[in-house]
Amino acid sequence: MSSLHIIAKAPSSVSVAELNALVDDEDVLIFIEDGVYFARTECSPAASFAQKFRQLECYFLKEDLAARGIDLLEGMQTVDTRGFVALSARLPRCVSWY
Amino acid sequence: MTFLANTPKASGALRYTLLINAAPQSSQGAKTALRFAESLLQMGHNIERLFFYGDGVLNASSLSVMPQDEINIPAAWHALIEANGLSSVVCVSSAIRRGIVDTAEAQRHELYAASCYTSSEIGGLGQLIEALSNSDRMLSFG
């Protein structure tokens, strides 16, 4: 059963090893709150996970990107809070990382 | 740019339980949960129960006073709960140690005031489990 992973903490505050281990190929990810810093992982310990999530269906919460002044790299997708709700309805399970 | 086309709408209305662990003052989680709950209702889904746990019980404080240019998150929860007739439960053991008490708890512990919005009830984890058994989705905010 696929899951929606809701990642709400910055790359420096989440166990990247656990994310790598627990996120399956058919899962969907949404980065919210400080999790949107995953959009910029060039010089962070999350680089290995970034390689993985870019192959998956993943979204960044628009409001939280705007609040932090983060520009997305090409190919990254955003949703607003309604889109976040729609994702939670689409996937049978939600897993929060905070 | 927003790509909502890739997030298909739910086939029908779902029942959600939201577990709120974040205090309104110390992290963004409470505000995220509030925005999520508002959008959920606007989109036609149902909230089976809001359950405030740990530091999240501070979202039910009727004694919070915020600067005028900041959102009063407990007041916003109260308004949302009242306007939509939602079930909202505050974990008793988390609440009383943080000074969140209703009239009954205030009397029981001989306190001078109640601090919990009347839109939420003081309850136990059993009510979270009960809500989960009636819900299609559970989301946790911290």
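This is a predicted model: local features need pLDDT of at least 70, side-chain atom pairs count only at pLDDT 80 or more; totals for chains, interfaces and linings use all residues.
Chain A comes up to begin with. Its secondary structure comes to 4 helices and 5 strands. What about the radius of gyration of chain A? The value is 12 Å, close to the 13 Å that the globule rule gives for 98 residues. So chain A is as compact as a globular protein of that length. Along its principal axes, the C-alpha trace of chain A spans about 35 × 30 × 25 Å.

Now the sheet of chain A. Look for 5 strands in an open sheet. The order is β4-β3-β2-β1-β5, and the pairing is parallel. Which strands stand at the edges? They are β4, residues 77–79, and β5, residues 93–97, of chain A. Each has a single partner strand, so one side of each is left without a neighbour in the sheet. From one strand to the next, the twist averages 30°.

Strand β2 of chain A covers residues 28–31, and strand β3 of chain A covers residues 57–61. They run parallel, joined by 4 bridges. Pick out Ile30(A): its bridge partner in β3(A) is Tyr59(A). As a reminder, strands of a sheet pair through backbone hydrogen bonds, either parallel or antiparallel.

On to chain B. Here the secondary structure comes to 5 helices and 5 strands. Read along the sequence, the pattern of chain B is β-α-β-α-β-α-α-β-α-β. The radius of gyration of chain B is 16 Å, close to the 14 Å that the globule rule gives for 142 residues. Chain B is therefore as compact as a globular protein of that length. Its C-alpha atoms fill a box of roughly 55 × 40 × 25 Å, taken along the principal axes.

The sheet of chain B next. Its 5 strands form an open sheet in the order β4-β3-β2-β1-β5, with parallel pairing. At the edges stand β4, residues 121–123, and β5, residues 137–141, of chain B. Each of these has a single partner strand, so one side of each has no neighbour in the sheet. On average, neighbouring strands of this sheet are turned by 25° against each other, direction ignored. Strand β2 of chain B, residues 46–52, pairs with strand β3 of chain B, residues 88–91, in the parallel sense over 3 bridges. Phe52(B) stands opposite Val90(B) in β3(B).

What lies across β1, β2 and β5 of chain B? That is helix α1(B), running at about 165° to β1(B).

Stay with that helix. Helix α1 of chain B, residues 29–42, packs with helix α2 of chain B, residues 73–84, at an angle of about 20°. Their axes are 10 Å apart. Angles under 35 degrees count as roughly parallel, and α1(B) and α2(B) are therefore roughly parallel to each other. The crossing is left-handed. Among the α1(B) residues in this contact are Leu34(B), Ala37(B) and Leu41(B). The α2(B) side includes Ala76(B), Trp77(B) and Leu80(B). By class, the contact has 8 nonpolar, 1 polar and 2 charged residues.

Last, where the chains meet. The contact takes 21 residues from chain A and 24 residues from chain B. On the chain A side, the elements giving two or more residues are β4, α4 and β5. Which element gives the largest share of that side? It is α4(A), with 10 residues. By class, the side of chain A that touches chain B has 10 nonpolar, 6 polar and 5 charged residues.

Conventions:
Residues are numbered from 1 along each chain as its sequence is written. Chains are lettered from A and ligands numbered from 1 in the order in which they are written. Two strands pair if DSSP finds at least two bridges between them. Axes are lines fitted to C-alpha atoms, for helices over the stretch in contact, and angles run from 0 to 180 degrees between N-to-C directions. Angles under 35 degrees count as roughly parallel, over 145 as roughly antiparallel, 65 to 115 as roughly perpendicular and the rest as oblique. A crossing is left-handed if the near helix is turned anticlockwise from the far one by less than a right angle, and right-handed if clockwise. Two residues are in contact if their C-beta atoms, placed from the backbone, lie within 7 Å. Ala, Val, Leu, Ile, Met, Phe, Trp, Tyr, Cys and Pro count as nonpolar, Asp, Glu, Lys and Arg as charged, and the others, Gly among them, as polar. The radius of gyration is taken over C-alpha atoms; the globule rule is 2.2 Å times the number of residues to the power 0.38.
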